Amino acid sequence: MVARSSDGREQFARLVERVGASWPRTPAVDGALRDACEELDWPAAPQLVAASEAIGSLIVVAGTLTAVAIGAVTLLSLAVVLGTGLLLAARNAPIAAAALSRTRAVGDAPGLFGRLTLRLRVEPSLERAVAFAGRSGDDDLANSLREHARDARGTPGSGLASFAAAWGETAPEIERAAALVADAADAPADARERGCERALSAVRSGVEERAASFAGEIRAPLTGLYAFGVLLPLALVGVLPAARLTGVNVGLGTLTVLYDLLLPTGLLVASGWLLARRPVSFPPPEVDSDHPAVPDRRRSAAALGVFVAVATGAGCLFVLPWAASIVAVGAGSGAALLWLFAPARELRREVREIESGLPDALALVGRRVAGGTAVERALAETAAELPGDAGDLLADAAERGERLGVPVEKAFFGRFGALRDVPSPRARDAGRLFALAATEGAPAGEALVAVGDHLRELARVEREARRELATITGTLSNTAALFGPLVGGVSVAMVGRIPADAGGTGGALGGSGASASAALAPASIGPIVGVYVLLLAATLTGLATALERGIDRSLLGYRVGLALPTATAAYVAAVVAGGTLL
């Protein structure tokens with residue numbers, strides 16, 4: 001997977017370099033864009049902008065020539081929008097992507113400071129604590145701390161201060177927590193314990209404050225998105241025939257561009273803008289397609305999707321013939337996505353179960369270790385006492401350690417380790433802490449208990465933050481899967497009940513009379529709105545899921561797979577019921 005990603009990135013860089021080199025000028029770029037491209041390891045900013053200008057100009061020229069040749073003004077507008085949009089994306093997308101990458105990295109701050117303070121509780125050496133926290137993590141934040149610690153070698157500092165300064169603008173709580181940790185390192189034992197707890201509290205408070213602030217800030221943008229991107233466009237469909245009476249004529253070509261290109265593009269841009277500002281404090285477990293518990297279902301998903309599409313499309317021919325293609329796409333795509341991502345969803349559920357039991361696991365093991373029990377025995381005793389998947393994980397690690405005769409670290413992370421195939425940063429952090437306790441003995445027991453309390457408080461903050469976001473994203477989800485399609489279906493049904501201006505002009509190519517009336521019939525405008533409904537369902541469902549749970553491909557795919565058939569059924573039912581009752 002990593003190799004394929006690297007190859008694709010290299011091919012993209014070579015393509016950008018070749019296209020950019022063909023452009024006769026070197027565009028000026030600002031420092032923010034240069035830094036973003038370097039941070040993301042993308043092609044150089046001048047090359048990227050030059051390539052966008054070359055491709056954008058080609059699109060505009062080709063669209064203009066084609067529009068002049070066939071007399072389609074809509075095509076000219078589309079070419080200008082696409083060309084300009086490509087240039088704007090090249091200058092703004094890297095900056096937004098870099099900001100999102102840093103925000104995602106900050107989500108690992110609670111885990112990093114949990115490891116940092118635990119090591120400091122065991123031994124009052126800031127340098128060793130920083131080295132352990134950076135070495136024991138595999139995320140971007142831990143890599144950054146490791147680099148700062150390496151740069152600080154041979155100097156009086158540990159690298160923690162420079163690390164905090166680098167990330168302080170993105171997450172001010174990191175600077176506060178780092179200062180408290182540095183102060184605790186030089187304090188007596190009792191004061192050091194309190195200082196470590198204050199540092200963890202500062203991290204949790206920062207997470208809670210940013211989550212609450214974001215929930216309040218997005219209410220107004222989401223309300224605008226809901227009103228002007230969903231309800232208003234769908235409601236306007238029903239008044240198009242009446243608008244013709246006033247001389248406002250809109251052809252099918254214009255409607256197609258507006259509803260199936262411009263509006264969905266606007267929704268995607270607005271969704272990206274909102275997601276770029278989401279404080280990613282709780283990154284979802286990353287479940288990749290190459291995980292051994294996730295079978296390769298791409299072929300069977302495609303086959304199932306085709307079968308469902310053919311069956312539902314054929315059935316729709318007897319109810320609403322013009323909607324057969326919409327039903328086939330919506331039902332077939334939804335079935336394929338559900339089948340494809342169901343194993344990843346089940347694996348994620350198991351990971352969540354494990355994570356929910358980690359605070360108790362750390363506390364129970366920690367108390368036994370503090371009482372003088374060896375970590376290996378404490379793991380086995382806690383596994384027998386702790387129910388659920390977390391207890392099963394500890395039992396698995398204890399059994400493997402005993403059978404293979406390997407230390408605790410190998411029992412969790414070795415070739416046959418219990419955490420080898422568990423895609424959970426929190427579980428892996430817990431395993432590293434158990435391994436540290438096995439080498440440090442009883443002094444690490446109370447530290448494990450403290451980290452368990454920290455995880456318990458962090459879980460509480462996470463539940464409250466998601467509960468607050470759910471009150472907002474729930475409207476988006478319901479609109480995407482049900483209310484939006486119902487409004488769109490009723491609006492299409494109204495088109496067949498409002499008389500068109502027989503003498504007006506309009507239609508797809510500016511015709512008149514009967515052709516204009518036919519152009520605004522439900523059979524003509526229905527597929528256009530149907531495509532918009534499906535795009536709306538996918539976009540809003542993805543946005544609601546990402547805002548609440550974070551960006552994860554399998555999670556987004558499964559939720560979209562649920563929304564598409566629901567939206568399809570609601571749309572068709574609304575058209576049929578509206579045509580019967582109105």
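Predicted model: local features only at pLDDT ≥ 70, side-chain atom pairs only at ≥ 80, totals over all residues.
**Entry: aromatic pairs**

I searched the whole structure for aromatic pairs and got four. I took the tyrosines to begin with. Y259 and Y532 have ring centres 5.5 Å apart and planes at 85 degrees, so I logged this pair as edge-to-face. I then looked up where the two partners sit. Y259 belongs to helix α13 (residues 252–276) and Y532 to helix α22 (residues 522–549), so the pair links distant parts of the chain, 273 residues apart. I checked burial too: Y259 and Y532 are both buried.

**Entry: back to the phenylalanines**

How are the rings of F412 and F434 arranged? I find them stacked, with 5.8 Å from centre to centre and 20 degrees between the planes. F412 is in helix α18 (residues 408–413) and F434 is in helix α19 (residues 425–440), so this pair ties together parts 22 residues apart in sequence.

**Entry: charges over rings**

Which residue lies over the face of W167? I found R102 there, 4.4 Å from the ring centre. For W339, I see the charged end of R297 over the ring, at 3.6 Å from its centre.

How values were computed. Residues numbered from 1 in each chain as written. Heavy atoms only, no water. Phe/Tyr/Trp six-rings, centres within 6.5 Å; stacked < 30°, edge-to-face > 60°. Helix = DSSP H or I, 4+ residues; strand = E, 2+ residues; numbered from the N terminus. Buried < 20%, exposed > 50% of the residue type's maximum accessible area, 1.4 Å probe, protein only. Lys NZ or Arg CZ within 6 Å of the ring centre and 35° of its normal.
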